[in-house]
Amino acid sequence: MSTLLYRLGKFAFAHPFRVIGAWVLLLAVIGGSLALNTPRMSSEIRISDVPAQDVIDQLATDLPEAAGGQGAIVFEAPEGQNFYDDQQAAAALAEAAMNVYDNDEVVDPAELGASADPQAAAAQAAEQVQLVQQALQARAAGMELEQPLPLVAGTGPQAQPVPGMVIAPDGSVAMLQFQFTEQTFDLPAGTIDEVLEAAEEPAGAADITVLPGGSLQELPEVVGIGEVIGLGVAAVVLFVTLGSLVAAGLPLLTALVGVGTGVGGAFALAHFYQLNSISLVLGLMLGLAVGIDYALFIVNRQRRLVMRSGLSAHEAAGRAVGTAGSAVFFAGATVVIALLALLVIGISLLSSMAVIAAATVAIAVLVALTLLPALLGLVGERIVSERARERYTASLADENDHKTARRWAGFVTRNRFVVALGVIAITLVAAIPALDMRPGLPSGENYNEGTVQRESYDATAGAFGEGSNGPLLVVLSSTGEAPVDQQAIGAVLQDINGNEDVSAATAAGMSEDGRTVILSVVPEDGPTDPSTETLVHDLRDASDGYADQYGLDLGITGQTAMGIDIAEKMSDVMPIYLAIVLALSLLVLTLVFRSILVPLKATAGFLLTILATLGVTTAVFQWGWVNQLFGLDSTGPVLALAPILVTGIAYGLAMDYQVFLVSSMRESWVHGHRGTDSVVDGFSHSSRVVVAAAIIMISVFGGFIFNGDPMIKQLGFALAIAIAIDAFLVRMTLVPALMAMFGDRAWRLPRWLDRLLPDLDVEGDKLLQRLGEKQSQQ
């Protein structure tokens, strides 16, 4: 492998325009595809094989009109006015509702009750109008309303309730709830914008504020000021580490090309499938982080070879790609394997995320091994300035090379037992909050104040109660061939309304054959509240009793129920995936380091990293500790996808640092250093670039903490914390302490196993030996 990469590096260096031209052509093709095709983006998270999705699939057959996504629009009356007294505003609400229902992708409310007796439906509507009029008369007499009222359009005999529209008791807020013909991510492009525009036209004319509900809100910006600042910090670290603007610019340029190719390619293909915003952000995060780091490792190695060995830039580039490039190839392959291991879980959402992220990392590796040496070919000998050569020579003369690293490694190895116990204690204490971790999906409540998501959530909660932000869709299905008994429906509704966690439960529709009935159940508390999760389980547990007593099967769906099911599904598969990753870690590291103790130590360290990361993430996002430092003003559940995604990504990235740090120690041991001397010497030669790489990754991931989307915030934070813990506590502190404890025993391997394992030559020793022999022959 190292010999092949050496030749590849020298070829790219010698023929830069061919290699660069190929990458430019690929980017042009991707750009052209994006210009011709509109990608389909969504922030909605759904997975198959969970109860909520099973109910949606059932409705698609039994009552297709109710199988689509739920929509809601919130209307705020002009300041100082209310929808009860202002007839013009009430008329605008009615017109807005009719405009929404005129959209072909919105279900006509009459279709949900197609089997109802027209005369009975008319009588029910008249009764509802009479109740509203009586309530309004009581309000006019000075009595306060306690319950929301439907909006009534028209007067006298022509008066009719507006389907799906309710007004808050104080009249300041109204809400329209409706059903789409398809799930929101399957709707034709532009449908949601058309629905909102249809509602805003009459509402805006009456100075009514229109706030879209959760499923109708635009995707937050993927890249904002936080991400730009993160890249700026990475640029500064690159300049300090490499000491040259030219050298520092190369990793940034190659990372951007890698992201443009990987994420741009996923974007281009999103015309044919639904691209989730989390998948896009994962690809962007990883592409930038690993793209910069991998290029840094190679450029740093090339510069060292030029300065220390006096090689030409051409030869040094080949050797850098052959040695550091081998480690980059292995590190990237490890990240890809860890991500693709998510496919074993069998969850389509995770699978698509894993494939996009893995492809982006693979492209970053390919860019580092081809485009980077081509750019180095354009730079030539200028990669190391005369001033840099002079500084390096002076540092050798003063014996000041790697002085800080040697001091730290010496301190850690001398106090190995205390340091090791201290790191283990710190990470385990940090992991304690994870015992209370409550996974889920964020709601509008978890957005920052001032955002349309938060304003919509607060307006709905203040007017109708927290639970109105996440109503449950309960489906009653006859277990036999006969239609559902009306008395049975009434009994179930009475039972559900008697639950202390239910604010209101009403009938919402029926299939033409009368065998399927849908109910709208509004929880007392918000979508992410523990009591709402308890309510969902209580209702599902009651299904067996309803089947025996009334011949009814009960199912629950809706965004809230889907979020609960996803959280539980992720919690169930997390131990399986963690076991896969740990087993993978032991196998791969045994192949790389040809050791038993080193893989065990590295795997244990990674486990400490994950536990501490989940603990800190829980403390900040769920408990609210110091969350204002990260631009947060609310608490909520830990993103259900975060533990499993962070485990896979952090494992791959942690192995990057493990390989570059410990392989340097092994190289020192191979060249004659023994015991702690090999640890200190190897640490001193690799720690500086590992620290720089870690800071860069933390900066890139940390930039996403200030994104508007709470899911992206959590992923950015968790990945940044994971890298900080793993790089500085585990790899830079615990690893040298444990390696000093193990001594030369760290590199022992049973002879029978040594014969079975292939020699991957990650350090490039065979390449350097062959080049040395070739040079001596000349």
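The model is predicted, with local features needing pLDDT of at least 70 and side-chain atom pairs counting only at pLDDT 80 or more, while totals for chains, interfaces and linings use all residues. Residues are numbered from 1 along each chain as its sequence is written, and side-chain values use heavy atoms, leaving out hydrogens and water.

Let's begin with the five-stranded sheet, an open one with the order β3-β4-β5-β2-β6 and antiparallel pairing. Strands here are DSSP runs of E with at least two residues, helices are runs of H or I with at least four, and both are numbered from the N terminus; two strands pair if DSSP finds at least two bridges between them. At the edges are β3 (149-153) and β6 (209-212), each pairing on one side only. Within the sheet, Glu 76 stands opposite Val 173 in β5. Helix α7 (residues 191-205) lies across β2, β5 and β6, at about 20 degrees to β2. Angles run from 0 to 180 degrees between N-to-C directions, using axes fitted to C-alpha atoms, for helices over the stretch in contact.

The other sheet is open too, with four strands in the order β10-β11-β9-β12 and antiparallel pairing. Its edge strands β10 (502-510) and β12 (552-557) have a single partner each, so one side of each lacks a neighbour in the sheet. The twist averages 25 degrees from one strand to the next. Leu 476 has Leu 554 in β12 as its bridge partner. Helix α3 (residues 51-62) packs on this sheet, touching β9, β11 (516-523) and β12 (contact means heavy atoms within 4.5 Å), and makes about 115 degrees with β12.

| Strand pair | Bridges |
|---|---|
| β2 (residues 70-76) and β5 (residues 173-179) | seven bridges |
| β9 (residues 472-478) and β12 | six bridges |
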